[in-house]
Amino acid sequence: MTDAEYEKIAALFSGDGVWGNPTDTAVVAAGTGLSVDVRAGVFASVRGHAWYSGTTAVNLAISSNSSGSTRTDRVVLRLARSTWTVRAVVKEGTPGSGAPTLTQDVGDTGVYEVLLADVTVLNAAAAVTVSRGERYVGSRLRPTTAAALAGLPPTLGDLVYEVDTGRVRIYDGSAYRDVYSYSGAIDVSSTLSGWAVVVTPMLEVRSGVACLRLGQFSRAGGNLSGPNDSRLPILIPAAYRHPTRNVYANCYITGARIGRCTIYPANHESRAGQVWMSQKPDMTNADDVLFADVSWVVG
């Protein structure tokens, strides 16, 4: 296999940029005088070709500027197809014209450049200012199952597809968050003797947002005093409860009256996932309760 053939294959499997993430120390920093330092221990990939900065920092010289205008140079990783090597080099800009355009030839010849930093060189400057600009290779989409994911050590930016749940998830440094998920329509009714279900409560969860049609219920357990809370025939599945906060929903009660229910969160000591009539007038047997829809963030 030739180097050109290898590039065509490898470029599809390794993104261009530095291995790591933006919380790492900048790859390029201002050096002494007119120079920049490329820090040690950095790995990167350009069109599938590896680059390593070495075990000690590399100092790159910046040419002086006496043009009368500010000049912007760029530190880039450059793949030279004449030698099939990747080097960190300074790409000098034109005074007064902004940063130079990266060269990114995609054929079998020429060069391909990936940005590491922009370097500002003022007129007659004795030192430079560096703005970091490195891009990161990132993680590939990993197919997995929900159970197998629990055993994988996560890395910031990991992207996974759970084949058993249909969820696309990303690791943000503290937990996997849903990029896309869909629960389907879930009947969340739960039989209770005090209430009859008139319109079935249905839950749908998309990408971490739970949308609940609370439905309609008829009082079947005798008269109900206003100050007394009453549990409704609904139970939110554990995976779809709000983790820490109550969720409230308003309702209409027979006789053009108003009430409110409380949907309890996952961390409640005794009512997790349950729905209770918490504010209401006195109700008589056969009074109906019709709720507005409500939504909350799952996690």
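Predicted model: local features only at pLDDT ≥ 70, side-chain atom pairs only at ≥ 80, totals over all residues.
**The largest pocket**
- The space inside comes to about 280 Å³.
- Its lining is made of 16 residues, and Arg167, Asp178, Ser181, Tyr240 and Val298 sit nearest the centre.
- Strand β14, residues 176-180, gives the most to the lining, with three residues.

**Tyr180**
- Tyr180 is part of strand β14.
- Tyr180 counts as partly exposed because its relative accessibility is 40%, which falls between the 20% and 50% cut-offs.
- Setting aside neighbours within four places in sequence, Tyr180 is in contact with Gly166, Arg167, Val168, Arg206 and Ser207.
- Tyr136 is 44 residues away from Tyr180 along the chain, and their C-alpha atoms are 23 Å apart.

**The nonpolar cores**
- The largest core has 27 residues, and Leu203, Leu212, Leu214, Met277, Phe291 and Trp296 are the ones touching the most other members.
- Several strands each supply at least two residues of this core, among them β17 (202-206), β18 (209-213) and β25 (294-297).
- β21 puts in the largest share of this core, four residues.
- Not counting residues up to four places away in sequence, Trp296 touches residues including Leu203, Leu212, Tyr240, Val247 and Ile263.
- There's also a second, separate core of 25 residues, which includes Val27, Trp51, Leu77 and Val128.

Technical notes. Residues numbered from 1 in each chain as written. Heavy atoms only, no water. Core = buried A, V, L, I, M, F, W, Y, C linked by side-chain atoms within 4.5 Å. Buried < 20%, exposed > 50% of the residue type's maximum accessible area, 1.4 Å probe, protein only. Contact = heavy atoms within 4.5 Å. 1 Å grid on protein atoms, 1.4 Å probe; cavity = no way out; pocket = protein on both sides within 12 Å on 5 of 7 lines; lining within 4 Å. Points joined across faces, edges and corners; volume = space filled by probe spheres on them.
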